[in-house]
Amino acid sequence: MNQRIIQAYRQAPWRVQLQWIGLFLLVLVGGMLIAGVYLYVSGQAAETGARIKNLELEREGLAIRIADMRTQLALLNSSQVMLERAEKLGFRPVERDDLVFLPVAGVSSREVVFLAPPPASIQRENKLLRPAYTQSLWDVLYQSVYQLVSSRGGQHQ
Amino acid sequence: MNGGIWRMRLIGAVFVMLSAAIVYQMIRIQNSEHSRQLVEMFAKTYNQQVRIIIPERGNIYDRWGNLLAGNKEVYEVGIAPPQVVNPETVARDLAAVLEVDYYDTLRKAESYRKEGNERYELIKDFVPADKIRQLEQKVSEYQQAEKPKKGAPPSLVGVYWRPHLIRSYPENELAANVLGFYNYLDRWNGRGMLGLEEQYNNLLAGNKQQVILPMNPTEIQEIPEIPPGASLITSIDRDIQAAMERIIDEAVEANGAESGTLVVMDPKTGEILAMATTPHFNPNEYWRYGEIFPVGSYFNRAISQLYEPGSVFKVLTMAAAIDAGAVQPDTPFVDVGAIEVGGIWIYNWDRGAWGPQDMVGCMQHSLNVCLAWVAQELGPTQFYKYLQDFGIGRYTGIDLAGEQVYPLSLPGDSNWYPVNLGTNSFGQGVATTPIQMITAIAAMANDGKMMAPHVVKAYIQDGVQYTVNPRVIRQVVKPETARTITEMLAVSLENEASNALVEGYRIAGKTGTAEIPGPGGYTNMTNASFVGWGPVDDPRFIVYVWLEKPTSSPWGSVVAAPVFSQAVEELVVLMKIPPDEIRQQMASP
């Protein structure tokens, strides 16, 4: 009798095989999905990393170019060049007798150049790379949970 | 049947053994020392890049923001031999454009094919940007050209160029003696030499930094932002500097002098507005330094060359005596043409006797005998105390590298003799630099306050501009003494109708003529000087002129005073100082 009951509830072998195949396929698809996401994220990260490197190189090149342009501009505006240009245009250096001084209210003498702001008005810049580019998923998750908990804690207070 | 099972088991055993051997080998390789070293080497060679980042050297500006020293883009050109497609094209084009040796370049371009050389080969450094534009043009042409049916196509693949900066001085020789220079050809160990470049080298250079960057693009790492070196804003006015250099050049030429120095200072702040000395030097070609400044010559005479200043020194003697109450402007003195000091007779410049004088007359006629008497009236203790207060024998502390000083001999020193009191009173037997003299005498134009001379007015570091405040060295004489001396020297110039006078502006000043000592005593050659300031009622400038060994005339009043006048003629225009009359009208309500 006991033997008969077991036999009555036992699944057919092809069903068991099908379940195993299904389970295997589920694991396989799940694994492939995870691998796909990982691959996509890695690809994105690599592309972004390469782009950042290029941008950094470009920035370096631009900084060099800016310094060069500044010097070229100074060369074009140098004392000697300006004097020659002025003479070509028919000007001559002013002499003391040419000057006429007129008092003009509100006009003060020439101020010394300010090429950068004074110390008091400075605000520090943020870092170039945002944390999102360097944090792992775990870091993001941990931080999000922490922020959530902190904000809830704040609400309670 | 049994044979079949046996064979199957044998094959199974072989596969199991093979698998086990593979697993064993994997474990062995993973854990071996060689493997660890190999991994480290790969990580070092291919996974990371070590870069030394040299920050941009700070700029130097004049007081209005005109660039005096900046940076220029140049390129390093090199070859990666394994990547070279066509060595002949590479060698031919690089030889033509960069003017390098064809065969040497060809050898480097072929070195991978012939010797397996994988190292980067430097072809030329400090290549100007226009040459690189020519190479870029060629690259573009080769990309558009049709490929030949036989042989390698013309190509510059494998040639790399990378920009970097070198120091550049857009004004060329202008203010070079103040700026100094930077030996940019030593790319990794370059440093500022002389002048501001040396004095502020650390500030200008910034901090080099070595960074290790991962080559794996997924390992993103921010290149640390290395701030450029600090920039300097100097007190130099480019236009005044240019004018003063032109004036001193003309004066040296016209008077057949060996050298000339002209310094313009704001007496109220100690700011140097111009510092012109000869000979000139182009810091863009700093390797020619030795040609222009042979051994024993001076890069910046204004701060480095010691000389006996002569009668301009009388300003200090008279100021000390009046301040101490030893004499007054109207104190009478009968000049008999000679005076004995310490057993030695001292004479006037013309060996003449000028009869009854007051102190204004003594200064006007620059009487050595009178000033030696004044120093005696003051006494050595007081006299030398004042000289020390005026900074004689001490560094002024000007922010330029290369300042020299000659110690002042004091009573009690082995090299001091009683006659020194007499000779020192008119600027002989004492050695100073022009910067010492102008700093000391500027106190007369600033109510007795001696200001520290300086060239840097502000500096910019990390994007912030910091102002350098003027510094008072000391109140060396009372304000009324300074004003009295100024008035005395203004009157004396007017009385003698000096060549230094400038129409419309009241000026105070003093000539100086000092004999130059040689191996057998004093020679016929002189140092001719003039120091003057103005406008007298509100001094805006003090000018120091020194011509070394003029041949047209030995006298300061003949050769240096007109140079001063010419300098002031231009200064009042460039500094927009109205004539006294107009200025006083504008000041009155």
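**A two-chain predicted model**

Chain B is divided into two domains, with domain 1 covering 72-167 and domain 2 made of 238-288 + 300-587. Taken over C-alpha atoms, the centres of domain 1 of chain B and domain 2 of chain B are separated by 60 Å. The model is predicted, and the predictor's scores for the complex are an ipTM of 0.82 and a pTM of 0.83. Within chain B the pLDDT averages 92, and 98% of the residues score at least 70.

Chain A is built from four helices and has zero strands. Read from the N terminus on, its elements follow the order α-α-α-α. Of the 157 residues in chain A, buried residues make up 4%.

Next comes the place where the chains meet. Here 40 residues of chain B are in contact with 40 residues of chain A. Several elements of chain B each supply at least two residues of the side that touches chain A: the strands β3 (67-79), β5 (159-168), β17 (456-461) and β18 (464-467), and the helices α10 (238-255), α20 (556-574) and α21 (580-587). The largest share of that side, five residues, comes from β3(B). By class, the side of chain B that touches chain A holds 20 nonpolar, nine polar and eleven charged residues.

Inside chain B, helix α13 (residues 314-324) can be followed through two helix contacts. One is with helix α16 (residues 380-389) of chain B, where the axes lie 10 Å apart and the packing angle is about 120 degrees. The crossing of α13(B) with α16(B) is right-handed. On the α13(B) side, Leu316(B), Ala320(B) and Ala324(B) take part, and they meet Gln382(B), Phe383(B), Tyr386(B) and Leu387(B) of α16(B). The residues of this contact divide into six nonpolar, one polar and no charged.

The other contact is with helix α15 (residues 368-378) of chain B, whose axis comes within 10 Å of that of α13(B) and crosses at roughly 40 degrees. Here α13(B) passes α15(B) in a left-handed crossing. Lys314(B), Thr317(B), Met318(B), Ala320(B), Ala321(B) and Ala324(B) in α13(B) face a set in α15(B) consisting of Leu371(B), Val374(B), Ala375(B), Glu377(B) and Leu378(B).

Key:
Residues numbered from 1 in each chain as written. Chains lettered and ligands numbered in written order. Predicted model: local features only at pLDDT ≥ 70, side-chain atom pairs only at ≥ 80, totals over all residues. Domains from an automatic or database assignment. Buried ≥ 20, exposed ≤ 12 C-beta atoms within 10 Å, placed from the backbone. pLDDT = per-residue confidence, 0-100. Axes fitted to C-alpha atoms, helices over the stretch in contact; angles between N-to-C directions. Left-handed = near helix turned anticlockwise from the far one by under 90°. Contact = placed C-beta atoms within 7 Å. Nonpolar A, V, L, I, M, F, W, Y, C, P; charged D, E, K, R; others polar.
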